[in-house]
Amino acid sequence: QGAYIVFTSGTTGKPKGVIGTHQAVLAYGDDHVRQVLAPARRRLGRDLRVAHAWSFTFDAAWQPLAALLDGHSVHIIADGVQRDAEALVAEIGRFGLDMIDTTPSMFTQLRAAGLLSTVPLAVLALGGENIDTAAWQGIRAECERTGMRAHNCYGPTETTVEAVVAAIAEHPQPCIGAPTGPTTAYVLDSWLRPVPDGVAGELYLTGGQLTRGYLGRPGETSARFVADPSNPGRRMYRTGDV
C-alpha cells in the first residue's frame, strides 16, 4: 500500500508524484541498517548520532529516518545552517555527530571548512552527483587513516533512493558499486537484452525497493515501469542512465 508521495522533476522537468510503498521503505530501511548503520554501531560500541540536513519532504529523508527507527539519534540541522559549510561543520563538531549524507560538491566545501581534518566522522554518505577521482582517493585515504566508513549512493526516487551503493574504501576508482540487498540491476540494450561487459547500455532496477509509480500519470508509469523479461509478473524501472 502507498505510504507517502514525493514530488520529483526527474528527467522531464515536470514534477511527478512518486508513490512510495510500505514494502519498499521497509526493504530500503532493512538494507541500510545492515549495510551502513550496524557496522558503524559495532565499531563505535554505541548508537550513532546522525545529521538530518535537508527537507523532510524529500526522497532522501528516509536515510536519517531509518536510523531513527533503528534506535539511533537524529540531529535536525536548521535551514540556515544546512548550506553554510563552516556553520555545519561547527555544528557537527559541537554535538559530536557521527554521520552525514550530503552531495560531493557540498562535501568539498565541508572538507575545506575542517570536516575530517579537525571534525571527524564515523560514516560519510555521498549521493546525487559524480565523485571525481581526486576526491574519491582522498576519501579512501581518510577511511584507511581513521576507520571511517564512506559510501557512494546512487538511486532515483522511483527506487526509494539508494538502490546501488559502493563502499568507497573497497574500490580504487569512482563507481556506483553494487545493488542493495532487495534490488537487482540490469544493463540492457534497446531490446531489453543484457549487454556484454564493456558495452554501453541503459540501467534498469527492480526488486523490493521499487515504488508503485506516478500519481495520476498512468502513461508515464507504464513507460518507465516496464515488464521484467527475466521475471514474469515483475516490473523494473527504466532509469534513463547509461
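How do the residues lining the largest cavity divide into nonpolar, polar and charged? Some notes on this and a few other features follow.

1. Ground rules. This is a predicted model, in which local features need pLDDT of at least 70 and side-chain atom pairs count only at pLDDT 80 or more, while totals for chains, interfaces and linings use all residues. Residues are numbered from 1 along each chain as its sequence is written, and side-chain values use heavy atoms, leaving out hydrogens and water.

2. The cavity. To the opening question: four lining residues are nonpolar, two polar and three charged (Ala, Val, Leu, Ile, Met, Phe, Trp, Tyr, Cys and Pro count as nonpolar, Asp, Glu, Lys and Arg as charged, and the others, Gly among them, as polar). A cavity is a set of points on a 1 Å grid over the protein atoms alone where a 1.4 Å probe fits but cannot get out; a pocket is an open set with protein on both sides within 12 Å along at least five of seven lines; lining residues have an atom within 4 Å of a point. The structure holds one cavity of 30 Å³ or more, and the largest has a volume of about 40 Å³. Its lining includes Y28, D59, W62 and E162.

3. The second largest pocket. About 300 Å³ of space lies here. Of its 19 lining residues, D31, Q35, H151, V165 and A166 lie nearest the centre. Helix α1 gives the most to this lining, with five residues (helices are DSSP runs of H or I, at least four residues, and strands are runs of E, at least two). By class, the lining has seven nonpolar, eight polar and four charged residues.

4. Aromatic pairs. The whole structure has three (ring centres within 6.5 Å; planes under 30 degrees apart are stacked, over 60 edge-to-face, the rest tilted). Y4 and W62 form a tilted pair, 5.2 Å centre to centre with 55° between the planes. Y4 lies in strand β1 and W62 in helix α2, so this pair ties together parts that are 58 residues apart in sequence. Y4 is buried at 15% relative accessible area, whereas W62 is partly exposed at 23% (buried is under 20%, exposed over 50%, partly exposed in between, with a 1.4 Å probe and protein chains only).

5. A ring cluster. Ring pairs link Y214, F225 and Y237. F225 counts as buried at 5% relative accessibility, and Y237 counts as buried at 4%.

Definitions and conventions
Grid points are joined across faces, edges and corners, and a volume is the space filled by probe spheres set on the points. Rings of Phe, Tyr and Trp (its six-membered ring) pair if their centres lie within 6.5 Å; planes under 30 degrees apart count as stacked, over 60 as edge-to-face and the rest as tilted.
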